[in-house]
Amino acid sequence: MFKLVSEYKPSGDQPKAIDSIVEGIKKGQKAQTLLGVTGSGKTFTMANVIERINRPTLILAHNKTLAGQLYSEFKELFPENAVEFFVSYYDYYQPEAYIAASDTYIEKDSSVNDEIDRMRHAATRSLLTRDDVIVISSVSCIYGIGEKEDYLSLMVSLEVGQEISRDEVMAQLINIQYERNDFDLKRGCFRCRGDVLDIFTPDSEEFLTRVSFFGDEIESISIVHYLTGKSEWKKTFVEIFPASHYATGRAKLDHAIETIEEELDERIAYFRDEGKPIEAYRLEQRTRYDMELLRQTGFCKGIENYSRHIAQRQAGEPPCTLLDFFPKDFLLFIDESHVTVSQVGAMYNGDRSRKDMLVNYGFRLPSAYDNRPLKFPEFEERMGRTIFVSATPADYEKEHSEQIVEQVIRPTGLLEPEIAIRPVEGQIEDILHELSENNKRGEKSLIMTLTKKMSEDLTAFLEKEGIRVSYLHSDIETVERMEILNKLRTDEIDVIVGINLLREGIDLPEVSRLMILDADKEGFLRSERSLIQIIGRCARNANGKVILYADEITDSMMKAVSETNRRRDIQKKYNEEHGIIPKTIKKEIRSVFEVVNDSAKDSKVKKADVKNLVNKGDAGKMSEADKAKMIEKLTLEMKKAAKDLDFERAAEIRDVIISLKTRA
């Protein structure tokens, strides 16, 4: 049973939203939409629905950062249940590709994050062994991960009193991709000391499974800490899942090698008939090398490209994904659905276009196409009971939802901001006046422009007027963007001028003024949904006000203003009925670079110095030994950041490492 642990109780219109969604699920509605405004506690509503329905749940987010935030929140809300995390396990990933114009082949290059790999294994194990599971996932969940049936059938079951030799158990472990390592025991490895076998399963964080033998009989099974060796508890039965999701039985693998060879012969004949001997030679050499590795070791680099043969599927059949590990009656929440749904739909086409070049030029067999994400119709077939969650649901959600549940009231009592529409003529003078008045109150402002040049020019003008200002756009690196936002919150600057980066995921309670230039320029940045998302950035301050500068009122503006005013009226009426006075949210200000700076103190290298090494070419002045030490320290910091789910900082440090390695 799911058990929600929280000191808070549903409030505002959360109880009504929870009841409506639960009732819809019980009635058998396939899809619903939770239309929740910014700050209305959508996550808490989701948690209450999960507790009431009591089914395995998948929560789909559109990026790793958002998924990490949700994972932390649900871990706190469900401490007694299995809350798992399933995202791409690469800290760095360069997919295999071929550029025909320059005859450039780019080999697959990646850096696997061991901790995220562990969490992926923990997710699949939990789904196969218990019912109280919540998995927070990115779109990684629609990519193939090996066959569920193979993963289950290859599981090694061990029981106290079972008659089986130590060598036979080791042979079974090797068959499911475990490695023997008696000196440096890591996940996916085992070691043997006399009659004791220690197994470090890929889903375990810090515990080993210790199997003790007496002759050819299992005498005891215990769980021990991998560092101290202290026994934590005894078990009578244990299940050892494969070390890789792509593990498969020998018979299946032998059959796969046969069908790979058949496809290879057909493809070689095709290339020769087309007068392409180079492509035929290239494909034969590479594929036969992979086949020999599969015969000898059961594994090869890029084994996922042969997944259709290994799984014995027909051409075009969808791959097995994380969704197949869920029971049919699972719950699916799609967070920020207006972004996530379209992202899921775009994955297949991007993957296909890249593989076209590899297949057409003899780098991969056509069966590589079937190592792919799900097509959108295939995803729809596997969706289960779905709740779209967004403040601005798109057309797809509206068309496919059997009911739309609104959650407009904020527990804090905050209202949607007031909106004013003013003419373009005289907008600069008006902006200066608004900034001056806002600064007197000690509150902050955001200004939205349409282009980078406009944001830079406006910033330069405001600086000349003595205003503490900074601009923000995509040319500024991720961590620097976060630092600029912190400067606004810590009163180092008063205004940020930006483009699209202020739409989603920005939480700035200090901001009470938002000014949008060129609001009447229809397009992606000024669509109805974009405007509503932008307006939401100003909804965490009791004095929030949005000013739209435009010469005409477009349909998008009209709809965004009407919807905002409608929500504001509902919120205002609720506050009056319940005697609630809106108060600005107080949120802790945390430095983005706390951990980086701690690491820099240990290595006696400040963050600025690290950037200078790269930006000014000073890396060439370092000795190879010093450079190696620097790379080693930064690599440890990168891995720690990824383990803490701080993927943006991990990516920043990764870029520094790559620059240090490549610059002479």
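Helices (H or I, at least four residues) and strands (E, at least two) are DSSP runs, numbered from the N terminus. This is a predicted model, in which local features need pLDDT of at least 70 and side-chain atom pairs count only at pLDDT 80 or more, while totals for chains, interfaces and linings use all residues. Residues are numbered from 1 along each chain as its sequence is written, and side-chain values use heavy atoms, with hydrogens and water left out.

**Salt bridges**

- The whole structure holds 49 salt bridges, each defined as a side-chain nitrogen of Lys or Arg within 4 Å of a carboxyl oxygen of Asp or Glu.
- Asp-19 and Arg-52 form one of them, at 3.2 Å from N to O. Asp-19 belongs to helix H1 (residues 14-26) and Arg-52 to helix H2 (residues 42-53), so the pair ties together parts that are 33 residues apart in sequence.
- Asp-19 is partly exposed at 42% relative accessible area, where buried means under 20%, exposed over 50% and partly exposed in between (1.4 Å probe, protein chains only).
- Arg-364 pairs with Glu-96, their closest N and O atoms being 3.1 Å apart. This pair links distant parts of the chain, 268 residues apart: Arg-364 is in the loop between helix H10 (337-360) and helix H11 (376-381), and Glu-96 is in the loop between strand E4 (90-94) and strand E5 (97-99). Both Arg-364 and Glu-96 are buried.
- Glu-434 and Arg-513 form a further salt bridge, with the closest N and O atoms 3.2 Å apart. It connects helix H13 (residues 427-440), which holds Glu-434, to strand E24 (residues 511-516), which holds Arg-513.
- Glu-434 is buried at 8% relative accessible area, and Arg-513 is buried at 10%.
- A network of salt bridges links Glu-261, Asp-265, Arg-272, Glu-284, Arg-288, Glu-292 and Arg-295.

**A buried aspartate**

- Asp-132 lies in the loop between helix H4 (114-129) and strand E8 (133-137), and is buried with a relative accessible area of 12%.
- The side chains of Asp-132 and Arg-130 are joined by a polar contact of 2.8 Å; such a contact is a pair of N or O atoms within 3.5 Å, within protein one able to donate a hydrogen and the other to accept it, and residues adjacent in sequence count only if both atoms are side-chain atoms.

**A nonpolar surface patch**

- Ile-421, Ile-553 and Met-558 form a nonpolar patch on the surface, together having about 270 Å² of accessible area, as given by the Shrake-Rupley method with a 1.4 Å probe, only the protein chains shown counting as cover for residues.
- Patches are made of residues with over 30% relative accessible area and no salt bridge, like charges being joined within 9 Å and nonpolar side chains (Val, Leu, Ile, Met, Phe, Trp, Tyr) within 5 Å.
- Met-558 is in helix H17 (residues 555-578) and is partly exposed at 45% relative accessibility.
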